[in-house]
Amino acid sequence: NKKKLYLKNKITINGQSSKGLSNIVQNGNLLDYQYQDETKSIKNLTEFKTKINNRIINSGFLLKYITSKEAINVTPSIFNDIILSNNKPEKTNQNINVEKFSLGGYSAYNFQMGKLKSQFKQSVNWNRESLISNLAQFDGKMEEQLSFPFRSDFRLNTFESITNLESSLSFKGFMITLNPSIKYTHLNKNERFSPLLNRNESYFFFQPRAKFRYKIDHQWNVSLVGSYLSSVSRFSQLFNSIILKDYSNLYRNPEEINVTRNIFGILNIGYTNILKGFLFSNSSSIVESNSDFIMSSSLDSNGLIQTEAIRLPNKRVSFTNKTNFTKSIFRILKTDLKYIFNQIKSNQIFNNIEQETNSIIHSVNIGVNLDNDTWYGLKYNGLARFGRSKSNGFNTLNTFFKHNLELDIYTSSKTRINFESESVFTSFSSSVVSNKNTLFNASFYYKPSKKLFIRASFNNILNEKFFSTIQNSSNFVFESKFSLRPRQFTVGLNYSF
């Protein structure tokens, strides 16, 4: 009954299983890395709306259960000086079982006093989460049973309440929105194999938010947003066992609960001219994060990484500027130009040396779409990204280019032929090797009726073997090569009824 009550219930059931094998050459050593993951989840979301004194109350209730299992095997064994064994180990094994159960609800009430529009919202959420992990060496006959922190039975109960009041006031072209909230979080964490790490803590945070918007005329507008938000460690940051993240990285969370305080500032400028088909927008944001812990990583001669958290003040500042231009001509030609600048300054400890890191990325994206409703359509998308990482004598540059070109030929009202080319180029200054990869694909589309759709594709015509990407962070440059499927022909059919 939409006049008095609106009710919607949605149940989502997911199941996912994956396994794989990677062969890695690391510092001249051959490693076999096997993994297997299995995740199952069920989520029920109920939403309902009703009216009190002609004012809408919007409420919801969430129930969620997730279970996951993860197994990792690395041959030959790694981190032998950390993960000890009485025998000669052949491989390193890790098993992790995780369970999460959540109950939550919210209710929001909209009301108005004069020109002041407001919404009061209350939300609560309770989580019960657990992790059982075991990291050990295997000598071919039996697994070495180690104690904590290589073995863990961790439990976490979390209760969180957020009370929020949002009020907006408009006057001519101005609009001011105030959105303060009060957040209460209670954590109860328990490690069965190390009771000294058990904690039972409560936190209160006042979180102010404000937004100012001014519409100069029907084309120009400007807005300014500021907020101060606080958060505490979540489940993935609270269990204290040593975790093997992959074939080369040991990771351990801090023993204490971490509190992070974030200051946000965002400035937006926009221009829209529909008659001339021109759009412009610019957004600048700055985020300062302060926490109680700093990450410490060490890299040994075998290329193995150990990461742990150390109690030291940690400050991270991120600045991002996004500029976008869009120009359309008679609905035939549309061009897009986007530029993004991102800079991150942070602190870290690497090989026992405290460092100030500086990561800068420039990204330019160009898009052209030509379609005059005749026998052809042309689309181009180009990306150029330049990255730079600086950290205590470490200074490197990396470059990534990507081009995508598509040509559609409409042979009739029911058939279409598509040709596609995609190419990438990657390089970075500390390597003399650069990568160039190009893909060519062709497809034929046939739609004889509204219900039937047939597609035939000839992919990777030149039989390209790899595709490359590159990105940078504080003191690492990641260059990845993905193995491609060989030249192939595929046929697809869609039928709706």
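This is a predicted model: local features need pLDDT of at least 70, side-chain atom pairs count only at pLDDT 80 or more; totals for chains, interfaces and linings use all residues.
Q348 has Q355, a residue of strand 18, as its bridge partner.

**Strand 17 and its partners**

- Strand 17 and strand 18, the latter made of residues 353-371, are joined by 18 bridges and run antiparallel; another residue whose bridge partner lies in strand 18 is S346, which is paired with T357.
- The hairpin formed by strand 17 and strand 18 leaves two residues between the strands, and in this hairpin N351 adopts a positive phi near 50 degrees.
- With strand 16, which covers residues 305-329, strand 17 pairs in the antiparallel sense over 13 bridges, and T335 in strand 17 is the bridge partner of K327.
- Strand 16 and strand 17 also make a hairpin, here with three residues between them, and F330 in its turn has a positive phi of about 50 degrees.
- In which sense does strand 15 pair with strand 17? Strand 15 (residues 278-299) and strand 17 (residues 333-350) are parallel and share two bridges, and S297 is found opposite F350 of strand 17.

**Strand 18 and strand 19**

- Strand 19, spanning residues 376-391, is antiparallel to strand 18 and is joined to it by 15 bridges, with V364 opposite A384 of strand 19.
- Four residues separate strand 18 from strand 19 in the hairpin that they form, and D373 in the turn shows a positive phi of about 60 degrees.

**Nonpolar surface patch**

- A nonpolar patch on the surface, with about 880 Å² of accessible area together, is formed by F171, F174, I176, L178, F212, I216, W220, L224, L267 and I269.
- Two or more residues of this nonpolar patch come from each of strand 7 (174-178), strand 11 (220-232) and strand 14 (259-273), and strand 7 contributes the most, namely three residues.
- F212, one of the patch residues, belongs to strand 10 (residues 209-215) and counts as partly exposed because its relative accessibility is 33%.

**Second largest pocket**

- The second largest pocket holds about 410 Å³ of space, and its lining consists of 24 residues, of which E70, I96, V98, L131 and F239 lie nearest the centre of the pocket.
- The elements that supply two or more residues to this lining are strand 2 (29-52), strand 3 (55-75), strand 4 (91-113) and strand 12 (243-244), and the largest share, six residues, is that of strand 3.

**Cis peptides and positive phi in loops**

- Most peptide bonds are trans, and most residues other than glycine have a negative phi.
- Against that background, T75 and P76 are joined by a cis peptide bond with omega of about -5 degrees, and P76 is located in the loop between strand 3 and strand 4.
- A cis peptide bond also links F148 to P149, with omega of about 15 degrees, and P149 is placed in the loop between strand 5 (116-138) and strand 6 (151-171).
- F79, in the loop between strand 3 and strand 4, is not a glycine and yet has a positive phi of about 50 degrees.
- Is F79 buried or exposed? At 3% relative accessibility F79 is below the 20% cut-off, so F79 counts as buried.
- N460, also not a glycine, has a positive phi near 50 degrees; N460 lies in the loop between strand 23 (452-459) and strand 24 (466-472) and is buried, with a relative accessible area of 5%.

Conventions
Residues are numbered from 1 along each chain as its sequence is written. Side-chain values use heavy atoms; hydrogens and water are left out. Two strands pair if DSSP finds at least two bridges between them. Patches are made of residues with over 30% relative accessible area and no salt bridge: like charges are joined within 9 Å, nonpolar side chains (Val, Leu, Ile, Met, Phe, Trp, Tyr) within 5 Å. Accessible areas come from the Shrake-Rupley method with a 1.4 Å probe; for residues, only the protein chains shown count as cover. A salt bridge is a side-chain nitrogen of Lys or Arg within 4 Å of a carboxyl oxygen of Asp or Glu. Buried means under 20% relative accessible area, exposed over 50%, partly exposed in between (1.4 Å probe, protein chains only). On a 1 Å grid over the protein atoms alone, a cavity is a set of points where a 1.4 Å probe fits but cannot get out, and a pocket is an open set with protein on both sides within 12 Å along at least five of seven lines; lining residues have an atom within 4 Å of a point. Grid points are joined across faces, edges and corners, and a volume is the space filled by probe spheres set on the points.
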